[in-house]
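Subject: Handing over the two-chain model

Dear colleague,

I am passing this structure on to you, and below it you will find my notes on what was found. Please read them with the structure open beside you.

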Amino acid sequence: MNARINPGPKRTEQLKEYQIAKYLYYILIRGYYIVLLILPYSVISFIARYILHPFIFKKETRFNKYLRSALLWLGGGLNRAVDYRAHLPIMRILLEYLKHNIEPIKRRSKPLVYLGWCVSPEFLRAFDVHYIIPEAYSVTGSWMGQDVSIHLLETVEAEGGSIESCSASKFGGGAYFTGQMPDPDIIVTSSHPCDSGVSFYPTVENLTGAPMFVLDTPYDTTEGAYRYFEKNLRSMIKFIEKNTGQKMDWNKLKASCEELNRTNFYLQELTAMTRAIPSPVSSQLLTVAWAMKLMGSGSPHLTEMARRMYEASKKRLERGEGWVKDEKIRVIWWDVPIAYISLYPWLEKEFGAMVVGGDLMGRCNTPYVDTSTEESMMLSLAKVHLHASMVRNVRGTYELFMDEFEQIISEYSGDCFIFVGHNGCKHGWGYGRIKKDVCKRMGMPALHMSSDYSDCRNTSEESLKKQITDFFVGNGLA
Amino acid sequence: MKIMQRISEIAANTDNHYLKEARLAGRKIIGYFCSYVPIEVIHAAGFVPYRMRGVGSTGTDLADGYYAPLNCSFVRHSFNKALKGDFGFLDGVVFMNGCDHTRRMFDNWRYSKTGPEFLHMFFAPHILGVNAVSGFVDSIDLMKAALEKNFGVEVTREDLHESIKLCNRMRGLLSSLDDRRKGETSLISGSEMLRVVMAVTAVPVETACSLLEEVISFVDGRGGSPAGDVRIIMFAGCMEEPEHLMLYEDSGGVIVADGFCMGSRLYSHSVEESGDPREAIAAGYFGSRLSCPRMMDDFQRRLAAIAGMAGEYSADAVVVEKLKFCDMWGWEIERLRRESKKGTIPPVLAIEREYLGGASGQVKTRIQAFFEQIRNKQEIDDEIMRSERTAYYVK
């Protein structure tokens, strides 16, 4: 039932089958050893950063497009050499995740699962399976340059995919149609956080012919809602067991959950540290951590990454130092377009502006997993899923978003608020008035921009920078 | 007044004299937004279930302050009417998590403090299966409890059984009317059928049944559509514009079956009249009925239903319409087009438009071009049959 097409000539070169995963995997392997060599010598990494800086910072050009975005995600915009230490485990997480992409291509020894991006992979760690997150291509797909991103998006649109859908889903579709992912044996996804995921996955099911399990998401946040989701999780385990012929290893699940608790401790501390004035943490770290959690939740490398980020930031906090030398503007910004990770270092360098409180994705506010019994672990995992970044804020009533938003405004000493309405986030556009009223009531200047989560065709990096500059200047912040 | 005129008048207006009579008789009117909201529970509480609609809306100026142009035009029109006070006759509104746009209406409605006081969100799962049915039962209990608490009524098991019977009767009559579209000549047009459904969902269920009986006896006594028209089955989410359907009919098409929210999705099921009524309702709403694309794990069954309908109603083509910025129907169209290319279902025409958006000229041109393709295909198929002397097979 494979319905892939030859996408035909595009503006970019034709992508070869599995090219993205293979390219990133081999680049990362080499990069990993280079980083391993230079990391102990912080002076070398600092010099390397300065040499690379002109090639990655300003904008994408034909000379830097193949790695600019990847380098930015891997710390290209960081200010201090000490923070690079966290990026070694990041590379390990990525390599581990990319292995799930590469190994089924070489030899299909284990079942392959397509995992919806709002389903945490802890459960799959308790099985002997490979997993690919189609939406992760919205992060990794752009690492080869914006023209590759555009190619993926245009391919899915040419195939008839819904153009108004979230670009994360469209990246997944584009990756499938251009042959970047091997066919799965099963699909596991959820009905949160929005319509895009709800409508996209039946297409994946239809294209691949693989059996699909959907975790149904309750609308409210009550004990009954958690119990309902827990029942769904139990059905999911049965589904995976039935379709892979494996039994779930509860000890492995427990180990993953304990690892997740350790990771979340550090990430929550990092999120809380951005309350300090000046903030010792860049929210870029939290955004990167979110992306890594997406791919490697439950991995010890993730904990190591978070620990290293935490320790460097804690030292700055104790010394009363900020992430930037002279913090001038504190920005509360939910929905940072991840296609433009470069906006963080740009804001910091140009304006001394720090994003505080974590962006919508990176803000870690996850419950502890009680691993004392199977029952407590399952119920906790239901809560973890329903309180995951983005999911906890947008799956239900507007209070789920606004209560946390108001709390951030009052606790993180923001000077202004930036909201980027992504094309796919219809629910976000649907409470625009409520959000504006909150800002007005709390005396916070607000900039509402139209962009997209990861589709750079919607609004250019230059345009976003211009709007932000005008906003800062217009409100006397810069 | 002749029955079809009465039907047209009810369908074209937000309020009607049947509702006024019900209010005078002391009955509460409860609006609801989606065909997954179990009207049996509202009726069992002694109230009139009223399907919310955007008909008669003249703009979205007030709602645009809450929503963005990227949001669904049906939702913006409906909410605009609420802000203008057009739904002032309602005693409550039940919302559903149908899509991101409609679920935000529940938020904006509450936030704007637009009456009525009773606003309830009914949660319907996005999946089928045991967990979903139990989740739906829980939602029924919550809605029942909310109605009881707010209006000081009691909904008994017997009340629910009586309401199920009555609603089954209404659905049965609608299905029976729908069957009159199956034959070579269709006795009721698609636009008329839409008017009927719009009318019967805006009056008390008891009245709906008597109106339907009148409609059935009326259509049985008149001629049908001319044979030779292009027979289409049509799918859409929100469809409340009979004039829009007439574009197809005026272009030589006959809508022989539909899958609208205000169409067969409303009456393609019945509810078991014995046993636990809550479980029976849940099983009915999640059982044999034609689902909407919001149901994530039901595409294969929807596809089989469309293929079955195409055969049963001898359809030449499938038309799928979506409102702009609707992800659900956007991806559904992608899937149906793919299946059409494989030959699982007849050729598909996909139309994207705005609710009450006009553009009838453009739409009509597309319809005419599509019908021409269908007719040409039929002629070519006839030629092949004659030249090859093989049996003619109509998909």
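A residue is called buried here if 20 or more other C-beta atoms lie within 10 Å of its own, exposed if 12 or fewer do, and partly exposed in between, with the C-beta atoms placed from the backbone. Please keep in mind that this is a predicted model, in which local features need pLDDT of at least 70 and side-chain atom pairs count only at pLDDT 80 or more, while totals for chains, interfaces and linings use all residues. Residues are numbered from 1 along each chain as its sequence is written, and chains are lettered from A and ligands numbered from 1 in the order in which they are written.

I begin with chain A. Its secondary structure comes to 20 helices and eight strands, where helices (H or I, at least four residues) and strands (E, at least two) are DSSP runs numbered from the N terminus. The radius of gyration of chain A, taken over C-alpha atoms, is 21 Å, which agrees with the value near 23 Å that a compact globule of 478 residues would have; the rule behind that expectation is 2.2 Å times the number of residues to the power 0.38. The C-alpha trace of chain A spans about 60 × 50 × 45 Å along its principal axes, and 56% of its 478 residues are buried.

One of the buried residues is Gly197(A), which has 27 other C-beta atoms within 10 Å and lies in helix H9 (residues 195-208) of chain A. Leaving aside residues up to four places away in sequence, Gly197(A) touches Gly116(A), Cys118(A), Ser169(A), Thr189(A) and Ser190(A), a contact being a pair of residues whose C-beta atoms, placed from the backbone, lie within 7 Å.

Also in chain A, the axes of helix H11 (residues 250-273) and helix H12 (residues 283-296) come within 10 Å and cross at roughly 155°. This makes H11(A) roughly antiparallel to H12(A), a description used for angles over 145 degrees, with axes fitted to C-alpha atoms over the stretch in contact and angles running from 0 to 180 degrees between N-to-C directions. Where they meet, Leu267(A), Leu270(A) and Thr271(A) of H11(A) face Leu285(A), Leu286(A) and Ala289(A) of H12(A) in contact.

Turning to chain B, its secondary structure comes to 15 helices and eight strands. The radius of gyration of chain B is 21 Å, close to the 21 Å given by the globule rule for 395 residues, so chain B is as compact as a globular protein of that length. Buried residues make up 53% of the 395 residues in chain B.

Phe87(B) lies in the loop between helix H4 (73-84) and strand S3 (92-96) of chain B, and this residue is buried, with 23 other C-beta atoms within 10 Å. Apart from residues up to four places away in sequence, Phe87(B) touches Gly31(B), Lys81(B) and Ala82(B).

Finally, the two chains meet: 37 residues of chain B are in contact with 40 residues of chain A. On the chain B side, helix H5 (100-111), helix H6 (130-151) and helix H14 (327-342) each supply at least two residues, and the largest share, nine residues, comes from H14(B).

With best wishes

Note on methods:
Parallel < 35°, antiparallel > 145°, perpendicular 65-115°, else oblique.
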